[in-house]
Amino acid sequence: MASNGQCPSIKNILLLDSEGKRVAVKYYSDDWPTNNSKLAFEKFVFSKTLKTNARTEAEVTLLENNIIIYKFVQDLHFFVTGGDDENELILASVLQGFFDAVTLLLRSNVDKREALENLDLILLCLDEIVDGGIILETNGPLIAEKVTSHSLDADAPLSEQTLTQAWATAREHLTRTLLK
Amino acid sequence: MAQPLVKKDDDRDDEADYSPFLGIEKGAVLQEARVFNDPQLDARRCSQVITKLLYLLNQGESFTKVEATEVFFAVTKLFQSRDLGLRRMVYLMIKELSPCADEVIIVTSSLMKDMNSKTDMYRANAIRVLCRITDGTLLTQIERYLKQAIVDKNPVVASAALVSGIHILQTNPEIVKRWSNEVQEAVQSRAALVQFHALALLHQIRQNDRLAVSKLVTSLTRGSVRSPLAQCLLIRYTSQVIREAGNNTQAGDRPFFDFLESCLRHKSEMVIFEAAKAITELNGVTSRELTPAITVLQLFLSSSKPVLRFAAVRTLNKVAMTHPMAVTNCNIDMESLISDQNRSIATLAITTLLKTGNESSVERLMKQITNFMSDIADEFKIVVVEAIRSLCLKFPLKYRSLMNFLSSILREEGGFEYKKAIVDSIVILIRDIPDAKESGLLHLCEFIEDCEFTYLSTQILHFLGVEGPKTSDPSKYIRYIYNRVHLENATVRASAVSTLAGFGAAVDALKPRIFVLLRRCLFDSDDEVRDRATLYLNTLGGDGLGTENDRKDFLFGSLDVPLVNLETSLKNYEPSEEAFDINSVPKEVKSQPLAEKKAPGKKPTGLGAPPSGPPSTADSYERLLLSIPEFANFGKLFKSSAPVELTEAETEYAVNVVKHIFDRHIVFQYNCTNTIPEQLLEDVNVIVDASEAEEFSELFSKPLRSLPYDSPGQTFVAFEKPEGLPTTGKFSNTLKFIVKEVDPTTGEAEDDGVEDEYQLEDLEVVSADYIVKVGVSNFRNAWESMGPDCERVDEYGLGARESLAEAVNTVINLLGLQPCEGTEAVPPNSRSHTCLLSGVFIGNVKVLVRLSFGLDGPKDVAMKLSVRSDDETVSDAIHEIVASG
């Protein structure tokens with residue numbers, strides 16, 4: 001039991017397209033040992049959540065004793081799965097971190113095509129959020145920074161530039177709301 | 001799967017489904033991977049190829065051993081490149097390939113070099129990769145670096161080392177335990193996530209040392225924990241400490257609980273929720289402790305975030321199971337959640353409301369649920385149906401609206417499991433609430449008119465055949481049943497024929513009309529249907545053999561041998577001149593102490609259970625006793641107790657006893673099991689010493705001829721006792737038998753046996769044995785109609801008790817009566833409680849009891865006991881039970 005003094009743990013993170021096909025997935029638990037069981041789980045989760053409106057706020061459901069937090073943007077469906085006694089809000093923070101980081105990395109063009117074209121960034125992003133089920137980082141901008149940090153030293157700071165831009169936009173936005 | 005998923009899209013919709021991986025093929029990508037071997041590395045190109053390989057793996061493609069090894073060796077070449085982006089991809093690739101031990105050695109030196117690099121990102125990632133792929137032997141080599149990394153000033157590096165430590169702890173705990181000092185230092189880190197990871201690791205290192213965990217928690221709850229995640233961990237550890245400390249912390253200072261409560265005021269919702277959840281899950285939490293947690297959860301209920309609403313309503317739903325009163329404050333917020341967009345939230349809200357609702361709100365709730373049922377999934381509907389079933393049993397007066405609701409959802413679309421849940425619920429209501437019978441049966445009739453599930457149709461038809469003839473106007477069901485004979489498949493037709501015959505046999509007035517219908521069935525296209533019709537027509541109509549009762553018994557009486565025994569006997573029967581004799585089937589029931597223990601007091605539910613299914617234990621006891629001629633003149637069996645174990649678990653001989661109470665007799669049925677394969681027991685008998693039960697006199701005992709290994713048998717001892725009185729006493733028992741050795745190879749027993757004895761535990765006959773639990777649906781009506789003529793009222797002091805609930809339970813168990821209207825549940829922290837009980841006393845005297853409890857002083861419980869019955873001696877007897885208990 002997670003509340004029995006255990007560390008919060010993530011069972012999987014899924015990024016599927018609007019037909020339920022994989023864009024990128026990462027499993028951290030042995031609950032789904034084969035590729036077929038993984039695909040079956042993805043199909044099940046996808047079909048169960050398809051009709052819900054998870055575009056403005058992250059939604060949540062309980063399926064087969066797993067809590068699944070999900071959010072949709074354009075033709076991408078983001079999912080984070082945890083055990084049924086996990087703190088829902090911790091799972092939600094992981095999803096939010098993943099989502100924010102992807103938004104930054106894809107320069108706000110969050111759709112399937114962009115995601116596939118930058119699949120390396122998405123995979124690195126998954127790698128920086130959770131390690132073997134243990135949460136590494138939930139802060140979106142920090143995750144994005146870790147993913148792109150190699151460009152700090154390299155000479156082609158393309159994605160870093162966009163990150164700076166993103167930061168600037170965010171700062172601007174914040175000042176505007178504060179001044180209101 | 002030779003081709004990746006994307007390939008399929010190829011010919012369907014190129015434009016919309018454009019993907020950079022369109023038409024990708026494993027073979028081609030593996031070819032491309034040769035660029036890794038180029039002397040002049042093109043970092044960009046290599047990154048792209050790795051991404052393609054990772055894409056293939058991610059889509060579920062797998063590499064053969066040879067392919068994986070080839071790719072691995074090629075990838076190791078890329079350590080030559082100084083491109084950071086490429087190196088990151090190399091790390092990822094190595095983790096995905098999870099190389100075997102001798103391959104790991106190839107990359108170890110490169111990774112160790114990176115672990116000492118000046119670039120933070122290299123250090124962090126190299127640690128994670130190396131710890132992932134390495135085995136124990138290498139760990140000692142890199143341990144020094146890992147210890148250093150834990151206290152690295154870069155938080156990413158420190159976290160990488162700590163998280164790796166958590167993983168390694170599972171396989172090589174002794175190594176990680178040596179890092180305690182460094183980890184402890186990291187707990188003090190200013191970086192939020194480092195503190196979280198360090199705390200998790202430190203706790204895991206020390207988790208078996210309670211004192212250390214307690215100290216750790218104490219020091220941290222005082223200090224400041226930076227990240228919400230670490231705070232959540234601390235809450236979990238704190239509630240663990242509270243749990244393990246048990247009740248010792250009840251009085252006075254409670255720093256740990258105070259910490260949990262203070263977390264309810266934290267600025268992060270994650271922490272607030274974790275604390276609220278922890279408080280609600282504490283053992284023996286009181287209402288006062290619950291209140292602040294419930295209050296924050298109530299605030300979450302109206303949040304704009306679905307996740308918060310879900311988390312809160314789910315926790316409150318759990319609280320409602322144990323502390324329904326504590327949650328009632330949230331009912332208004334809950335009701336607005338019934339229309340929540342998120343159906344999981346709506347269902348949880350509904351079921352919570354059904355648990356906490358009172359009688360007056362039932363109708364309003366039903367209305368709201370009706371609107372919402374149509375658009376939730378079947379599994380949620382089943383949850384709702386089950387909640388409604390228990391609500392109906394709690395408030396039997398409301399059966400009308402609940403039954404209407406069930407019948408209306410029964411008419412709507414739904415899968416088998418859902419329909420079965422509804423039908424089961426209706427059947428249970430029909431059985432437990434007599435007033436609901438007629439309307440319930442009609443609903444079931446209407447349902448089979450349009451039922452696509454053969455299983456449900458046949459079960460309902462059978463149930464109709466049992467219950468229908470007992471109603472005031474059985475003829476109205478005939479039409480529904482006969483329609484089945486026209487419209488359904490053979491299985492349903494056959495069971496409809498049986499049901500019709502059941503009506504014909506039970507109701508004489510209907511008999512001629514039923515015969516007309518049955519004759520029509522003689523022309524059915526199916527053998528089974530025709531056979532059944534012929535059988536019923538000839539046995540019921542003809543003046544054949546035996547009396548009418550005999551014939552009815554033959555057709556509809558239950559089989560007086562257990563099915564299992566019949567099955568084994570039939571299997572052993574070899575076709576010969578001699579016909580199979582049903583009397584040769586052993587009637588003794590195999591006792592099933594295990595199954596009975598698993599479901600203590602649990603009512604059989606649904607269609608598969610009595611009366612339509614296998615006979616209940618009471619029925620089977622009765623039949624078993626009747627089959628023994630010596631007991632035949634004892635009259636009607638009044639009550640059979642639950643089995644009482646007379647031996648410890650896992651002893652040589654397992655014995656439990658069932659007490660059968662008759663008007664003037666009592667029979668002890670000893671169920672014995674021999675658990676030694678090498679022994680055969682013969683002439684098994686229980687010697688009962690009744691010297692402490694003077695009013696009982698032993699009549700006779702019925703020994704068990706033989707008791708082979710693992711095949712339970714029964715022996716009986718009968719006593720005479722004063723008529724109609726709740727005579728009590730204590731009996732000591734000794735098992736007496738002759739042991740014969742069994743040759744394990746041949747399974748044959750030796751001829752000579754040795755007499756032996758085995759001491760069993762004592763057995764008591766108590767007053768509660770003379771009372772049968774029978775509920776009444778409306779206690780007040782029953783109470784008033786009974787009148788005050790034979791009422792006996794008295795007050796008792798029960799002395800100091802652990803809690804009011806405990807006192808109430810003790811008295812209920814002492815009296816062995818059925819609690820009515822859910823009054824056995826005592827709301828937490830109440831100072832007084834009224835409990836209503838009903839039952840039947842030996843001699844078939846109905847008894848109603850009203851118990852009023854009050855707390856007198858801090859722990860002392862006082863009780864006022866009012867008894868009404870048809871016989872004042874019985875009322876007095878109840879008082880005596882309490883007075884002497």
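Q: What makes the largest nonpolar core a core, and which residues have the most contacts inside it?
A: The largest nonpolar core has 252 residues, and those with the most contacts inside it are I13(A), F36(B), M93(B) and I369(B). The term stands for a set of buried Ala, Val, Leu, Ile, Met, Phe, Trp, Tyr and Cys residues joined through side-chain atoms within 4.5 Å. Helix α2 (residues 88-105) of chain A gives the largest share of this core, twelve residues. Apart from it lies another core, of 61 residues, among them L817(B), F841(B), F853(B) and I878(B).

The model is a predicted one, in which local features need pLDDT of at least 70 and side-chain atom pairs count only at pLDDT 80 or more, whereas totals for chains, interfaces and linings use all residues. Residues are numbered from 1 along each chain as its sequence is written, chains are lettered from A and ligands numbered from 1 in the order in which they are written, and side-chain values use heavy atoms, with hydrogens and water left out.

Q: Which residues does F36(B) touch, not counting residues up to four places away in sequence?
A: With those places set aside, F36(B) touches L41(B), C46(B), V49(B), I50(B), L53(B), A74(B), V75(B), K77(B) and L78(B). Contact here means heavy atoms within 4.5 Å.

Q: Why is A278(B) called buried?
A: A278(B) has a relative accessible area of 8%, and buried means under 20% relative accessible area, with exposed over 50% and partly exposed in between (1.4 Å probe, protein chains only). A278(B) therefore counts as buried. The residue is placed in helix α16 (residues 269-280) of chain B, where helices (H or I, at least four residues) and strands (E, at least two) are DSSP runs numbered from the N terminus. Leaving aside neighbours within four places in sequence, A278(B) is in contact with I235(B), S239(B) and L260(B). A278(B) and Q240(B), 38 residues apart in sequence, are 9.4 Å apart in space, C-alpha to C-alpha.

Q: Why is S303(B) called buried?
A: The relative accessible area of S303(B) is 15%, and S303(B) is therefore classed as buried. S303(B) is found in the loop between α17 and α18 of chain B, and, neighbours within four places in sequence aside, S303(B) is in contact with L308(B) and R309(B).

Q: How do you know that K146(A) is buried?
A: K146(A) has 12% relative accessibility, so K146(A) counts as buried. The place of K146(A) is in helix α5 (residues 140-148) of chain A. Not counting residues up to four places away in sequence, K146(A) touches E128(A) and E137(A) as well as R88(B), M121(B) and V156(B). K146(A) and A101(A) are 45 residues apart in sequence, and their C-alpha atoms are 9.9 Å apart in space.

Q: How is the packing of α17(B) and α18(B) described, and what is the hand of their crossing?
A: Two packed helices are described by the angle between their axes and the distance between the axes. Helix α17 (residues 287-301) and helix α18 (residues 306-322) of chain B pack at an angle of about 140 degrees, with their axes 8 Å apart; axes are lines fitted to C-alpha atoms, for helices over the stretch in contact, and angles run from 0 to 180 degrees between N-to-C directions. α17(B) passes α18(B) in a left-handed crossing, a term used if the near helix is turned anticlockwise from the far one by less than a right angle, the right-handed case being clockwise.

Q: Which residues of α17(B) and α18(B) meet?
A: From α17(B), L290(B), I294(B), L297(B), F300(B) and L301(B) meet L308(B), R309(B), A312(B), V313(B), T315(B), L316(B) and V319(B) in α18(B). The residues of this contact divide into ten nonpolar, one polar and one charged, where Ala, Val, Leu, Ile, Met, Phe, Trp, Tyr, Cys and Pro count as nonpolar, Asp, Glu, Lys and Arg as charged, and the others, Gly among them, as polar.

Q: What angle and axis distance belong to the packing of α4(A) with α3(B)?
A: Helix α4 (residues 119-129) of chain A and helix α3 (residues 43-58) of chain B pack at an angle of about 65 degrees, with their axes 10 Å apart. Their crossing is left-handed. The contact is made by L119(A), D120(A) and L123(A) of α4(A) and by T51(B), L54(B), Y55(B) and N58(B) of α3(B).
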